[in-house]
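Q: I would like to learn how to read a protein structure one feature at a time. Could we go through one together, with the general idea before each case?

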Amino acid sequence: MILALLMLAGMPDWVPAHWTSSDPKSLELLQGTGVNCVLAPADSVTARFLQSAREHEIVAVGVVKPNPRAVEEASFAVKLGVNALALEGDFDAASEESIREVAGAVPVIELPSRQHIRLDSRDPIAGTMQGLWPGIIIENGGSKVMAGPSSAPWINTNTGFLHFLRAAMNCALWLGATPPPEDTVTPVERYGIVISDAYAAGARWIVTLDDDLNARLLRGDPKARGDWQRIGGYIQYFERRREWREYRPFSRMAVMQDGNSGGLLSAGLLDLMFAQHIAARSIPGRRLQDDALDGIKTVINVEPPSEFSVPQQQALARFAESGGVLLNPPADWRFGEDTPGRISPNRKQLERIQDIWEILYNATARKNFGARSFNTAGILFNVLASPDGRRLLIHLVNYTGFPGESITVQALGAWKRARLFQPGAAEKELSVYPVKDGTGMDIEKLDVVASLTIE
C-alpha cells in the first residue's frame with residue numbers, strides 16, 4: 001500500500017512515450033531524453049522488460065485497447081508487475097469496471113476520445129489519444145495556406161482544447177497525436193512543434209515516433225539516434241524548468257464554455273482568439289464562481305443560460321455590476337452540441353463562429369488583455385503568471401517550419417526585466433521599454449519555441 005501511494009504521488013512527473021520494442025536493452029535509448037515512462041502493449045510486456053525498466057528507473061505502463069480480450073490483457077500485465085495501465089480508446093462501462101477490478105492498487109490512466117473524457121475525474125493523470133498534429137494547414141498541394149474566420153493563417157493546434165481541459169481538471173494532462181501518414185519521415189522540428197504545442201498549454205505529448213524513425217532508432221542507426229536526442233532536447237527544455245509548471249494562464253479576457261459548448265474542440269473560439277494573438281483564459285461553466293472571475297475584465301459567454309445555477313447567475317450579475325463586460329452571443333446561437341466524434345468544428349459550426357466574430361473583434365481590437373505580439377504570423381503565444389502574480393511567463397511556438405524574425409512582444413503592465421530562453425541556446429537578457437498599457441521587448445529570431453520570463 002505504501003509503494004502504491006508513493007507511485008501515485010510521482011505520477012504528475014511521468015514523461016510518457018509509446019515504446020514498440022520489447023527488448024530490455026532498448027530502454028537504454030531513453031537516457032538523456034527526459035522520457036521516464038514507456039507505454040507498451042499490455043499483452044506483450046515481459047518480465048525481463050519490466051526488470052530492465054526498474055533498473056533504469058523507467059515507469060512501465062501497459063496499454064490496453066478495446067477488444068474482447070481487454071480484461072485478460074490487463075490482468076496479464078498487472079500480474080507481471082506493470083506500474084500502471086493505460087486505457088487507449090473508448091471502453092464500455094462494464095469492461096472498464098472489470099479492468100479496474102483486476103488492476104487493484106495499480107493506477108489506471110484513461111485516454112479516451114475527447115467526447116468521453118470524464119471532466120469530473122480525480123485521477124492523477126487524464127488525457128486523450130485524440131490530439132491534432134499541429135502545424136499550418138496547407139491546401140491545394142502546398143500552393144495555398146488556409147485562413148480562418150479572422151483571415152489569419154489557420155494553425156492546427158491543441159492549445160484552446162488544452163486550455164479548457166487544464167481549467168476543468170486538476171491533474172497532469174497527456175495528449176496523444178500521431179505523425180501524419182503522409183509524412184514518411186517527420187523532421188525533428190515538427191516533433192519540436194508538437195512537443196511545444198502541448199507543453200506550452202500545460203500538458204505533455206505522448207511521444208510517438210513515425211514508423212521510419214522508430215525502425216531506424218531501434219536498429220541503431222546513428223542519424224536516428226542523433227535525431228532522437230534532439231527530440232529529447234525539446235522535452236528537456238520544459239522538464240528541466242520545473243518551476244514553470246506552477247504558472248497558470250493569465251489574461252483579463254475569458255471565454256466561458258464547457259464540454260458541450262465547444263470546450264472539447266480544437267479550432268473553436270479560444271483558438272480563434274489565439275490565432276489573432278489575443279491572450280485569453282478558459283473558464284469552464286461548471287467552475288463558475290466569484291473567484292473564477294478575479295482579475296477578469298471581459299467575459300465572452302457561450303454557455304446557454306439554462307446551464308447556470310442560481311448562485312452562478314448571481315456571480316455573473318455581480319461581475320457585470322462591478323464594471324465587468326459580459327458578452328453573450330445571439331439568443332439562438334449554439335456551438336458544440338452537434339459534434340459527436342469530432343475534434344474540430346464542422347462547416348455549420350464554422351459559420352456560427354463567423355456570426356460571433358464581429359462581437360469578438362469589437363471587444364478585443366487593439367486591446368492588450370495579457371500580451372500582444374507583432375510580426376508573428378504562424379506563431380502562437382501562451383501567457384502565464386506565477387502563483388504570486390509577480391512574474392509572467394510567455395511561451396511562443398512557431399508552427400511555420402521556418403524561423404520567425406524581428407518579433408515584438410508587449411506584456412500588460414509595467415515590468416523591469418525580461419529574459420529569453422530557447423532550446424540549445426544560452427539564456428539571454430532582453431532590453432525592455434514602455435509601451436501603451438504595457439512593456440515591450442524584441443526577439444531577433446525564433447526557430448521552434450521560445451519563452452520569456454518577465455518580472
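**Cysteines, charges and a pocket**

A: Let us begin with a cysteine: C37 is buried, with a relative accessible area of 0%. Please keep in mind throughout that this is a predicted model.

Q: Which cysteine has the sulfur nearest to that of C37, and how far away is it?

A: The general idea is that a disulfide is a covalent bond between the sulfur atoms of two cysteines. In this structure the count comes to 0 disulfides. For C37 the nearest cysteine sulfur belongs to C171, 15 Å away, and C37 takes part in no disulfide. C171 is likewise in no disulfide, and the nearest cysteine sulfur to its own is that of C37.

Q: How many salt bridges does the structure hold, and what should I look at in each of them?

A: A salt bridge is counted when a side-chain nitrogen of Lys or Arg lies within 4 Å of a carboxyl oxygen of Asp or Glu, and the structure holds 23 of them. Take E73 and R69, whose closest N and O atoms are 3.8 Å apart: E73 counts as buried because its relative accessibility is 10%, while R69, at 43%, counts as partly exposed. In another pair, D447 and K445, the closest N and O atoms are 4.0 Å apart. Here D447 is partly exposed, with a relative accessible area of 40%, and K445 is partly exposed too, at 42%.

Q: Which residues are linked in a network of salt bridges?

A: The network is made of D13, R204, E239, R242 and R245. One of its members, E239, lies in helix α8 (residues 222–239) and counts as buried because its relative accessibility is 11%. The side chains of E239 and R204 are joined by a polar contact of 2.6 Å. Leaving aside residues up to four places away in sequence, E239 touches V15, Y199, R204 and R245.

Q: How should I read a helix, and which residues of α7 are buried?

A: An α-helix has 3.6 residues a turn, so residues three or four places apart point the same way. In helix α7 (residues 211–218), the residues L213, N214, R216 and L217 are buried. These buried residues of α7 pack against α6 and α8. The ends of the helix deserve a look as well: D210 caps the N-terminal end of α7, with a side-chain oxygen 3.1 Å from the backbone nitrogen of D212. Just after α7, G220 takes a positive phi of about 90 degrees.

Q: How much space lies in the largest pocket, and which element gives the largest share of its lining?

A: When reading a pocket, ask about its volume, then about its lining. The largest pocket holds about 1200 Å³ of space. It is lined by 41 residues, of which R166, R245, E246, R248 and P249 are the closest to its centre. The largest share of the lining, 4 residues, comes from β15. Elements that each supply at least two lining residues include α5 (159–168), β11 (172–175), α6 (188–200) and α8.

Q: Where is R391 found, and what does R391 touch?

A: R391 is found in the loop between β19 and β20, and it is partly exposed, with a relative accessible area of 30%. Not counting residues up to four places away in sequence, R391 touches Y247, L384, A385, S386, W415, I454 and E455. With one of these, Y247, the side chain of R391 makes a polar contact of 3.3 Å. By contrast, the C-alpha atoms of R391 and A42, 349 residues apart along the chain, are separated by 44 Å.

Terms used:
Residues are numbered from 1 along each chain as its sequence is written. This is a predicted model: local features need pLDDT of at least 70, side-chain atom pairs count only at pLDDT 80 or more; totals for chains, interfaces and linings use all residues. Side-chain values use heavy atoms; hydrogens and water are left out. Buried means under 20% relative accessible area, exposed over 50%, partly exposed in between (1.4 Å probe, protein chains only). A disulfide is a pair of cysteine sulfur atoms within 2.5 Å. A polar contact is a pair of N or O atoms within 3.5 Å; within protein, one must be able to donate a hydrogen and the other to accept it, and residues adjacent in sequence count only if both atoms are side-chain atoms. Contact means heavy atoms within 4.5 Å. On a 1 Å grid over the protein atoms alone, a cavity is a set of points where a 1.4 Å probe fits but cannot get out, and a pocket is an open set with protein on both sides within 12 Å along at least five of seven lines; lining residues have an atom within 4 Å of a point. Grid points are joined across faces, edges and corners, and a volume is the space filled by probe spheres set on the points.
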